Amino acid sequence: MADYIEFFGFNDNPFRITPDIDFFFMSSVHQEALASLEFLLESEEGFAVIIGEPGTGKTITIRKFVNQLPENVEYAYILFPNLTPEEMFRAVLEDFGIEIPDNATKNKLFSMLREFLIRKKREGRKIFIVIDEAQNLPVETLEELRILSNLETEKEKLLQIILLGQPELEKKLSSPQLRQLRQRVTVMTGLRNFSKDEMIDYINYRLAKAGNSTVRISPSAYNLIYSYSDGNVRLINLIMERALMSAFVKNKHSVDKENVKEAVSSLNLEKKQKKFYLVITAVFLFFLIVMGASGYYLFSKKETGIKKIHKEETAVVSVNKLNVRNSPDKSSDIVYVLSKGDKFIILQKKDEWYKIRYKNIEGWVKKDFVRIDNE
Ligand SMILES: Nc1ncnc2c1ncn2[C@@H]1O[C@H](COP(=O)(O)OP(=O)(O)OP(=O)(O)O)[C@@H](O)[C@H]1O
Ligand SMILES: [Mg+2]
């Protein structure tokens, strides 16, 4: 390994898979996730939820976030959360460095935590708990977290909570027992795989960060990395590390298709993009059919003089943050939070509410906080 690092003139392994914040790449999705966490801290209460498939960067994002916290903020970080409520209280207290008597009951643990939080609040400190891999939390532990997050003194909440998890977490949160928790979710963001351009920027960022400017990667090598990784950051790292190894063994300073092929076969990876192309082809065919059919429809209507052209109406958020809710009711669940300037499509109007679509999110917003876009 050392030889390989020296060969390319790196000062560190550029594609190590541990979430190391020195190598953090500020892609637009990761930036959005960080902004949502900052928004949570500013809002002083509630939960933030970050959902992402394995290897999309949940853990590295939270590490980046906690690394740049203001001095008055403290947090507990819980990683293996298949925990009963009692075990969760213990884990949190231990992470805050509090000694726990051996025979402490669940109630005792709860009151110790409460006292700790009140003391910290008096000292002017902000406290939050991060639960990583939160898809493994039992429902009753999640419910206890909600109760904790409701503790308050003189109208100020004592604690905020960040849940990071795979898509199963989102499913779990939608269960009827967790309805109240859902209402306390201030921000929910998703991490996704990189696009091909993002992937290329990411790879070059990591190479440069490791001190190298001489490795060349051919366009066909990039194509192959993308089709095997589908833009998943962990897979990109794994493939790049092996591909560089393969180039090193052949005494080359460039990575081409053959090196990537060797890398993916040693990792036993299968092409992910095959499926993607199939889907694209299917979608394309579907549109052809729909366009053909609607062309026929418009054409035949034209003759009868009732041709109808529908133009989508769009609008822009005019306040700093705007909740998107599940239904046109201000106590319904928040499904997303839009920011000032975000542009979306209006699907339906009802009293004080608009039903909207933003990217792939649909929900309801109060019409007072948006401006119809007349472009
Ligand atoms: N924005 C980023 N900048 C730099 N490296 C990243 C970024 N996002 C992900 N990675 C890298 O991808 C790999 C996976 O990231 P991470 O462990 O944070 O993913 P995860 O979503 O927590 O996965 P899991 O669900 O399996 O825990 C790590 O090697 C990490 O360094
Ligand atoms: Mg993780």
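A residue is taken to be near a molecule or strand if its C-beta atom, placed from the backbone, lies within 6 Å of it. This is a predicted model, in which local features need pLDDT of at least 70 and side-chain atom pairs count only at pLDDT 80 or more, while totals for chains, interfaces and linings use all residues. Residues are numbered from 1 along each chain as its sequence is written, and ligands are numbered from 1 in the order in which they are written.

Ligand 1 is surrounded by 20 residues, and the closest are Pro54, Gly57, Lys58, Thr59 and Val233.

Because domain 1 (2-14 + 194-266) and domain 2 (28-190) both give residues to the shell, ligand 1 lies between them; the domain bounds come from an automatic or database domain assignment.

Glutamine 31 belongs to helix H2, residues 28-43. A residue is buried if 20 or more other C-beta atoms, placed from the backbone, lie within 10 Å of its own, exposed if 12 or fewer, and partly exposed in between; glutamine 31, with 11 such neighbours inside 10 Å, therefore counts as exposed. In H2, Val29, His30, Ala33, Ser36, Leu37 and Leu40 are buried. They cover an arc of only 120° around the axis, which puts them on the same side of H2, the arc being that of the directions from the helix axis to the C-beta atoms. The face turned away from this buried side carries the exposed residues Ser28, Gln31 and Glu42.

Terms used
Helices (H or I, at least four residues) and strands (E, at least two) are DSSP runs, numbered from the N terminus.
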